[in-house]
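Student: I am new to this structure and would like to go through it with you. Could we begin with the terms and then look at the parts?

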Amino acid sequence: MSAKIAFLPGDGVGPEVANAARRVLTQVAKKHDLSIGFNEFAFGGAAIDACGDPLPEETKAACLEADAILLGAVGGPKWDMSEKRPEQGLLALRSALAVYANLRPIQVAKGMEAHSPLKAEIAADVDMLIVRELTGGMYFGKRQEGKDKATDECLYTRGEVERVARIAFDAARKRKGRVTSVDKANVLATSRLWRNAVNELHASEYSDVELDHMLVDAMSMKLIQSPSAFDVVLTENLFGDILSDEASVLSGSIGLAPSASLGDGTRGLYEPIHGSAPDIAGEDKANPVGTLASAAMMMRYSLGKGEIADDIENAVAKALAAGRGTADIGGKDSCTSFTDYICEIV
Ligand code: NAD
Ligand code: IPM
Ligand code: MN
């Protein structure tokens, strides 16, 4: 079997972590009957510099034809206030691929509690899956930007809520059977639509799953107070962006957190949840684990190669348990030396 991967390294630490994942995938595929073709394309700030467009047509077309897309990260201070920004390319890509469900698993593995900024007994046993709606809400509403007045529209349709809620309920059935839906229904109309749509889908098709609702402000508190209480957390685009960065550090570093963005088919977009980390870019300090774990999710969800995903995840877990790791989790490894070790043991 062969797999066609669109490879988008992006900006800052993006190329460092994306190349780490490419090396590990190339190594582990040798053991299994899989040949992986990586085709690299310009994306983000690098693409703005090269051709004035963060998502060039060629890159978009290749992503739409690939089995899966592996992405590092985009953005950086160089483009922050410019008219064309790398982040616009990322949003356009998610929208073009129609990957409306962004899965962000957050786990604190046994023995890793010591890396958490929380007390070990609070961080222990954290194992949640954040399901973030990814192609709607305020990220994609109309914007008006004036010098003295600006608006960002937040719009959701019932259909958009139902399809992502379905993903969350289905995931819960394979996990601990609980969904916490997070909104701001005491203020926002879109949140009341969200809550009604989730409740009605639950009543008609998923009454075997335990469902509760939480307001986003209370949720941001509970995530710190009792993070192990959560199983699947379902939420809209902007809340999911913020809550997943917060949840990621329960494990010690945002550099550990992976993501998979999926739509109705098997094609998916895989990227760590962190950004281009300009403060450490070019220093070989970035933690590649979030991207390695994203590559594992790519093998499982888009290529049906669960055994390769298991190999990558087991190698990473073994390395971390042996005290290997980059500086963000108190280790001595560089991005390269950690990746070398994974390539040896995978
Ligand atoms: P960031 O996630 O890049 O960095 C936040 C902090 O986490 C920094 O201190 C950084 O050093 C650290 N960090 C991030 N990844 C790490 C890793 N792999 N290993 C060790 N430490 C890591 O967030 P930011 O600084 O707010 O954003 C920087 C740029 O990245 C912005 O332009 C933003 O728009 C962009 N961004 C892109 C994506 C993406 O491409 N998916 C995601 C988030 C932010
Ligand atoms: C993420 C990032 C992006 C988002 C930015 C870079 C547009 O923060 O993937 O979490 O907000 O979705
Ligand atoms: Mn984010």
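Tutor: Two strands pair if DSSP finds at least two bridges between them. Helices (H or I, at least four residues) and strands (E, at least two) are DSSP runs, numbered from the N terminus. The model is predicted: local features need pLDDT of at least 70, side-chain atom pairs count only at pLDDT 80 or more, and totals for chains, interfaces and linings use all residues. Residues are numbered from 1 along each chain as its sequence is written, while chains are lettered from A and ligands numbered from 1 in the order in which they are written.

Student: How many bridges join strand β1 to β3?

Tutor: There are 5 bridges between β1 (residues 2-10) and β3, and the two strands run parallel. Gly10 stands opposite Ala73 of β3.

Student: And over how many bridges do β3 and β12 pair?

Tutor: β3 and β12 pair over 3 bridges, also in the parallel sense. Leu70 has Tyr270 in β12 as its bridge partner.

Student: Is β3 enclosed or open?

Tutor: Strand β3 (residues 68-73) is largely enclosed by the rest of the structure, because 6 of its 6 residues are buried. A residue is buried if 20 or more other C-beta atoms lie within 10 Å of its own, exposed if 12 or fewer, and partly exposed in between, with C-beta atoms placed from the backbone.

Student: What is Leu71 in contact with?

Tutor: Leu71 lies in β3 and is buried, with 27 other C-beta atoms within 10 Å. Leaving aside neighbours within four places in sequence, Leu71 is in contact with Leu8, Gly10, Ala18, Leu269, Tyr270 and Glu271. Contact is counted when the C-beta atoms of two residues, placed from the backbone, lie within 7 Å. The C-alpha atoms of Leu71 and Leu90 are separated by 9.7 Å, and the two residues are 19 apart along the chain.

Student: Where is Asn19 found?

Tutor: Asn19 belongs to helix α1 (residues 14-31). This residue is buried, as 20 other C-beta atoms lie within 10 Å. Between the C-alpha atoms of Asn19 and Thr336 there are 9.5 Å, although 317 residues separate them along the chain.

Student: Let us change topic. Into which domains is the protein chain divided?

Tutor: The chain is divided into domain 1 (1-99 + 263-346) and domain 2 (106-258); the bounds come from an automatic or database domain assignment. Their C-alpha centres lie 23 Å apart. The contact takes 22 residues from domain 1 and 18 residues from domain 2.

Student: Which helices supply the side of domain 1 that touches domain 2?

Tutor: α4 (86-97), α10 and α11 (306-321) each supply at least two residues of that side. The largest share, 5 residues, comes from α10. By class, this side of domain 1 has 13 nonpolar, 7 polar and 2 charged residues. Ala, Val, Leu, Ile, Met, Phe, Trp, Tyr, Cys and Pro count as nonpolar, Asp, Glu, Lys and Arg as charged, and the others, Gly among them, as polar.

Student: What about the ligands? Which residues come nearest to ligand 1?

Tutor: Of the 23 residues around ligand 1, Gly75, Gly255, His274, Gly275 and Asn287 come nearest. A residue is near a molecule if its C-beta atom, placed from the backbone, lies within 6 Å of it. The shell of ligand 1 draws at least three residues from each of domain 1 and domain 2, and it has 10 nonpolar, 9 polar and 4 charged residues.

Student: Which residues surround ligand 2?

Tutor: Gly75, Glu87, Leu90, Asp241, Ile273 and Gly275 surround ligand 2. That shell divides into 2 nonpolar, 2 polar and 2 charged residues.

Student: One more helix, please. Which residues of α8 are buried?

Tutor: In α8 (residues 216-225), Val216, Met219 and Leu223 are buried. They lie on the same side of α8, because they cover an arc of only 45 degrees around the axis; the arc is that of the directions from the helix axis to the C-beta atoms. The face turned away from the buried side carries the exposed residues Asp217, Ala218, Met221 and Gln225. What covers the buried residues of α8 includes β8 (178-183), β9 (210-215) and α9 (237-248).
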